[in-house]
Amino acid sequence: MAPSLADLTTLRVGGPAASYVEAEDEAALIEAVSTADDDGVPLLVVGGGSNLLVADEGFGGVVVRDVRSGITVESEDTCGGAVVSAPAGQNWDELVARAVDEGWVGVESLSGIPGTVGAAPVQNIGAYGQELSGVVSLVRTWDRAERRVRTFAVGELAFGYRTSLLKRSMHSEGREGDPLAPWYPSPRYVVLSVQLQFRLGTLSAPVGYAELARRLGVEVGQRAPMQDVRDTVLGLRGGKGMLLDSPELGGGPDHDRWNSGSFFTNPVIPVEHLEHLPADAPRYPVRSSTPETTTGPSLGAVDPAYVKTSAAWLIERAGFAKGFGLAGEQSPARLSTKHTLAMTNRGGARAEDVVALARAVRDGVRDRFGVTLVPETVLVGVSL
């Protein structure tokens, strides 16, 4: 019997899958994807399920979950650093923990992000001033259109803020040169494995986030011991309810952690349109997704044409406080009591409850500030 999507996602909502396959090796993953495409059946590839909101009716196609794991050190030396690869199903935070232990520099600020390695390059995961694109070397994929394994170098992946060539193939902007696009809700290019290249050291990459720098006692752009960075990031994420719930550790469920991470991306606004923002709205530099220099650890170059602001700040100033629910405290779906950017399931929510809440927040911010928030969470069978 196919499982419910509620059992496969961190929001814990969503109806049953029509069909379900667990892929234990690469050949099985390719076969499952190819069979679905050959049969004209909708395909949903699931990793950790930490970025999904699936309809209450479920998914009328094949859900494929990659259950492979393993971290392979392909080479490691003081000149070339460490070259490491992992299959798409590998737990992401386990890889980060290994990197910190081994002195592989460049993902320590990405600690605690739920999900798998395969999902990481699709949306170019990032947090606390660091993005995956800074360490990616190669991404091996199954090209669903050409029916072949295709490997992308970092320069071919067109990384941007929470996006990539892989993600864009899911949507209409991926249509250019691809008459079969969009491939929603899974990309044209299904990630098989990812190769990362790290510098070696005990100090982190330059800290690019002011709140993290303050907690570490350093200036933005300075470095800190990697283990300190990881521990501090885990503390910050935990304080915002942005870690996986672990009721088995005692104390019962923490419903603030029943979420899909940041539901909306932070708006990136052209400088000529900043009149939409109040004078006291946060303004952050928009940096290139790749380091500015290759001779040592560095942040990406600042793009002077854009400014990034805080979606959480806009949400709160639009009148949606932490813990907000459409029906008050008894609402089945509410904003997290710790962080307004997370839509949470308080234990009995349905997808329609989460959608209604997210829609109200989006519309409220647009009405107040003229800024339309864009979901970071992948919506399957529902829309705002």
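A residue counts as buried under 20% relative accessible area, as exposed over 50%, and as partly exposed in between. In this predicted model, serine 262 has a relative accessible area of 23%, so it falls in the partly exposed class. Arginine 162, at 11% relative accessibility, counts as buried.

Both residues turn up in the UniProt record: its "active site" annotation, from an unreviewed entry, covers Arg162, Ser262 and Glu376. These three are spread over 215 residues of sequence, yet they cluster in space, with a largest C-alpha distance of 11.3 Å.

Setting aside neighbours within four places in sequence, serine 262 touches Met242, Leu341, Glu376 and Thr377. Arginine 162 is a loop residue too, placed between strand S11 (148-153) and helix H3 (165-168). With neighbours within four places again left out, its contacts include Gln123, Asn124, Glu131, Thr265 and Glu376. A polar atom of the arginine 162 side chain lies 3.5 Å from the backbone oxygen of asparagine 124.

Elsewhere in the chain, three strands make up an open, parallel sheet in the order S1-S4-S2. Strand S1 (17-23) and strand S2 (43-46) are the edges, each pairing on one side only, and the twist from one strand to the next averages 20 degrees. S1 pairs with strand S4 (residues 59-66) in the parallel sense over six bridges; alanine 17, for one, has phenylalanine 59 in S4 as its bridge partner. Helix H1 (residues 26-38) lies across S1, S2 and S4, and runs at about 165 degrees to S4.

How values were computed. Residues numbered from 1 in each chain as written. Predicted model: local features only at pLDDT ≥ 70, side-chain atom pairs only at ≥ 80, totals over all residues. Heavy atoms only, no water. Pairing = 2+ DSSP bridges. Helix = DSSP H or I, 4+ residues; strand = E, 2+ residues; numbered from the N terminus. Axes fitted to C-alpha atoms, helices over the stretch in contact; angles between N-to-C directions. Contact = heavy atoms within 4.5 Å. UniProt positions renumbered as here; feature names shortened; annotations may be inferred. Buried < 20%, exposed > 50% of the residue type's maximum accessible area, 1.4 Å probe, protein only. Polar contact = N/O pair within 3.5 Å; in protein donor to acceptor, adjacent residues only side chain to side chain.
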